[in-house]
Amino acid sequence: MILIPDYGSGNPMSVLRMFERSGHEAIISADVQDVERADRIVLIGVGAFNQGMEGLNAGGWCEALHTAVLIQHKPIMGICLGMHLMCKSSEEGGVKGLGWIDADVKRFDIPDGKLKVPHMGWNILKVQKDNELFDSNEPEERFYFVHSYHAHCFDESDVLTTTEHGGSFVSSFQRRNIVGVQFHPEKSHRFGVALLRRFAEDF
């Protein structure tokens, strides 16, 4: 079972539909006990870092997710804010993140003003290490981004892909069973469907 925790942030239905298009069933649940039954977890999120962490804490998700991810090693994917929450902290807020990845979240700093913030639209990825999620034979694999903040990884071995926007930034990271993506697979058409299928079958 693929679980999409409903902790009050984002639009879980769009992710659910993309899993259905990929040929896999997922459930949306506000019941933290469903973490125990899940084989895989997708942590979505849209909005502010502080509000995201408040939602996880209020729903009792943090302890259950720590157990599932760090002890039971269940595969988990964080999308956009969900990726940020996996980090240690964010410039967007003053609370601590889940801390699964040795990374902080920083706002884009593009002083010349030639590029807009938020970074919005389609962009390509540069794969940095071997993995089960991105097709190395597809150089034009494109995904849809909407964000003003991005993860800064202190351990370069965690960097899975990078993308250019006023310089190179981490567009996805991976450490063992933990993967975070900055873009939105649920808005990325066939590339997003393929990614979620690989997450469900191969990761």
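The legends below describe an overview and several close-up views of salt bridges in a predicted model.

**Figure 1. Overview of the chain.** The chain contains six helices and 13 strands. Its C-alpha trace spans about 50 × 40 × 30 Å along the principal axes. The radius of gyration is 16 Å, which agrees with the value near 17 Å that a compact globule of 203 residues would have. Of the 203 residues, 54% count as buried. Among contacts with a separation of 6 or more, 72% are between residues 24 or more positions apart.

**Figure 2. Surface and charged side chains.** The accessible surface of the chain is about 9,400 Å², and carbon and sulfur atoms account for 46% of it. There are 20 positive and 28 negative side chains. The centres of these two sets lie 4 Å apart. The structure holds six salt bridges, and views of some of them follow.

**Figure 3. The salt bridge between Asp 34 and Arg 37 in helix α2.** The two side chains meet with an N to O distance of 3.0 Å. Helix α2 covers residues 34-37 and contains both partners. Asp 34 and Arg 37 are three residues apart, about one turn of the helix. Asp 34 has a relative accessible area of 12% and counts as buried because this is under 20%. Arg 37, at 52%, counts as exposed because the value is over 50%.

**Figure 4. The salt bridge between Arg 198 and Glu 141.** The closest N and O atoms of this pair are 2.9 Å apart.

Figure 5. The side chains of Asp 158 and Arg 175 meet at 2.8 Å, N to O. Asp 158 is buried, with a relative accessible area of 2%. Arg 175 has a relative accessible area of 22% and is partly exposed, because the value falls between the limits of 20% and 50%. Asp 155 joins Asp 158 and Arg 175 in a network of salt bridges.

Key. Residues numbered from 1 in each chain as written. Predicted model: local features only at pLDDT ≥ 70, side-chain atom pairs only at ≥ 80, totals over all residues. Heavy atoms only, no water. Salt bridge = Lys/Arg side-chain N within 4 Å of Asp/Glu carboxyl O. Helix = DSSP H or I, 4+ residues; strand = E, 2+ residues; numbered from the N terminus. Buried < 20%, exposed > 50% of the residue type's maximum accessible area, 1.4 Å probe, protein only. Rg over C-alpha atoms; globule rule 2.2 N^0.38 Å. Contact = heavy atoms within 4.5 Å. Areas by Shrake-Rupley, 256 points an atom, 1.4 Å probe, with all protein chains shown as cover. Lys, Arg positive; Asp, Glu negative; His and termini not counted. Charge placed at Lys NZ, Arg CZ, Asp CG, Glu CD.
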